[in-house]
Amino acid sequence: MFDILAYPLANLMLLLYNYLGHSTVLAIAVLTLLINLITLPLTLSQQRSAHRMQELQPELEKLQKKYAKDKERLAQEQMKLYKEVGINPMGGCLPLLIQMPIWFGLIGAIRYCIPSTPLELFQFSNHIYKWLPGVIGLVPLRSTFLGMDLGAPPNPAQWWSYALPILVFVTTWAQQKLLTPPTAAKTQSQAGAMNQQMQIMMPLLFMFFTLSYATGLSVYFVLSSAIRVGQFYLMREGQHRQKAEDKEQVRPKPSE
Amino acid sequence: MDRFRIRRWLTLLAVGAALLIGISGCAGGVRPMSWMGLTIVEEGLVAADLQQVRLLNVSDAAPLWSFPTDPQKARVGTFYVTPAVDEQRVVVASQVPPTGFLGQPKNVVWALDRKTGNELWQFDDAAGQYVEGGALGGGLFVIGNSDHNVYALDAETGALRWTFKTGYRVWATPLIVSDTVYIGSMDHHLYALRLSDGGVRWDFQAGGAFAATPALRNGTLYIGAFDDKLYAIDAQAGTERWRFASANWFWGSPLVYADTVYAVDVSGNVYAVNAETGAPVWPQPRPLETPVRAGPVLTEDGSRLFVGGQNGTLYALDTKDAFVVWSSESEGQVLSPPVVSGSVVYESRIPGTYRIRALYVDNGRPIWSYPPVAEQPSK
């Protein structure tokens, strides 16, 4: 289903591999970076929405306390508050949904270029763009990185390969932690508890996933999460700086 | 834990599971890993038939023996590769699924008694998957593995005699000729190894991976690679004699008959090339318009060529002019090479209602299908 995206991305990865000294890790890294650049407007919108929701938490908590016994009124007041500050509560979900096919396509691309089964390789064999320079004969890409086979799942013979799923857990957890409103996680409300559980559940699920699939995918997940964490920090810093500048402009100057 | 919290956790688990299934399924995770294999012997057809290895009677597909007898009880895994056979034994490989979440799949070579199907020995030291079968010769069984190694085992006992490490996965069946093993690797090299100790006689480097078995005739090896080339290589010196350019990779093994080399690329173009010069014999290659994984096979008189396609069709071509004499379509994909014996051609397919079919060479009329209707899983 996502092959329509996976094939072009796999060919782009072949091209990058050809121009980056036949380094699979570099090709995955640059491809991940490119994809993140393309989806930057979407992730920024998602992260901005998350950040604004974080800022809104004290207000939301007040409402929750005030209308603890009237759920319908609580929902109405929350929507009113969102409207007042110009937040779409679903604003964080939509960009995420739009990005999902791209992620699946990228995962497919990695699996076609460093396949762990012959059927994956065979499926890709008729979808290589032969007109791209230097791609003939490249597949399957050389996949040894720090003594690990990027095309195979972590295994005891290369015990250090288990470090990658652990890194996947850490970086996904960091990403989840940043995108979850801290006060929301502390509340006893259903949403707060769900958020708290998601912070652990999602990284765990991704870690288990990467334990049973090619380690090349772990490289992608780690880089992707690290890029998003970096983006979030940059965006938050930018917003803080902007606020500080706004305050400076509002404050009367001593000479005046 | 109160009911509300249990329900919350269950919801989260369901969301997580859906996400994982989405990732693995959409990226190609839930698929069969490889293809099954067939070998014809005097007493029947040996099939690495996924859950079991079977010797089938060629006249009616009745199993003469099966290993293991009860696949539900025995944890022997899934048999994919083409069985290697000598006078005493059938040697196959399987992948046993991991036990527990963090367990590793076990990759096992099994030697079975050719007459009874009883286990003679097993070898489970290799770390990777066996994608293609091995070859028996000189008292050894030689097989390549995804862990980059070529393993040579004592055919009598299964004891490891030597290993040879290549630069990448070994997904090709070796060819053993007297005291030399010829084996291709995904590291773009075709190696000629001493059968006695695995020492390198020569290695030939192409522009792409080798996943096929070379064909040998009059001191020349013929093999295709993933660089869209078919090579003729001096078997003694390992030097190139000629190369023939095609439209796509050669994954299946070529074959030589008289002065002609027949080969199929993965796009389904069938080529006939002069064995001496590398010049095309047919004016145009025959396009089958389906991806083709396995190499072609010939009838004993060299008049008819059989090629199986991913679209589930078995094609019979006239070797004189590449005319498609007949084609037989069925469910599933034909990814392993068919086997010809006398007037019958046998093909295997995955997945499909029938995994093996026997057809007449002349007209493609089906003789039998396996498993019989009574054994097929209900839809």
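Good morning. In chain B, Val41(B) stands opposite Gly44(B), a residue of strand β2(B). The model I am presenting is a predicted one.

Let me place that pair of residues. Strand β1(B) covers residues 37–41, strand β2(B) covers residues 44–49, and the two pair in the antiparallel sense over five bridges. Together they form a hairpin, with two residues between the strands.

I turn next to another part of chain B. Strand β23(B), residues 260–264, pairs with strand β24(B), residues 269–274, in the antiparallel sense and over five bridges. One of the facing pairs is Val264(B) with its bridge partner Val270(B) in β24(B). This hairpin has four residues between its strands, and Gly268(B) takes a positive phi near 95 degrees there. Strand β24(B) is also joined to strand β25(B), residues 286–287, by two bridges, and these strands run antiparallel. Here Asn269(B) has Pro287(B) of β25(B) as its bridge partner.

Finally, chain A. Helix α3(A), residues 40–66, packs with helix α4(A), residues 71–85, at an angle of about 155 degrees, the axes being 10 Å apart. Because angles over 145 degrees count as roughly antiparallel, α3(A) is roughly antiparallel to α4(A). Their crossing is right-handed. On the α3(A) side, the contact is made by Leu56(A), Glu59(A), Leu60(A), Leu63(A) and Gln64(A). Helix α4(A) contributes Leu74(A), Glu77(A), Gln78(A), Leu81(A) and Val85(A). How do the residues of this contact divide into nonpolar, polar and charged? Six are nonpolar, two are polar and two are charged.

Terms used. Residues numbered from 1 in each chain as written. Chains lettered and ligands numbered in written order. Predicted model: local features only at pLDDT ≥ 70, side-chain atom pairs only at ≥ 80, totals over all residues. Pairing = 2+ DSSP bridges. Axes fitted to C-alpha atoms, helices over the stretch in contact; angles between N-to-C directions. Parallel < 35°, antiparallel > 145°, perpendicular 65-115°, else oblique. Left-handed = near helix turned anticlockwise from the far one by under 90°. Contact = placed C-beta atoms within 7 Å. Nonpolar A, V, L, I, M, F, W, Y, C, P; charged D, E, K, R; others polar.
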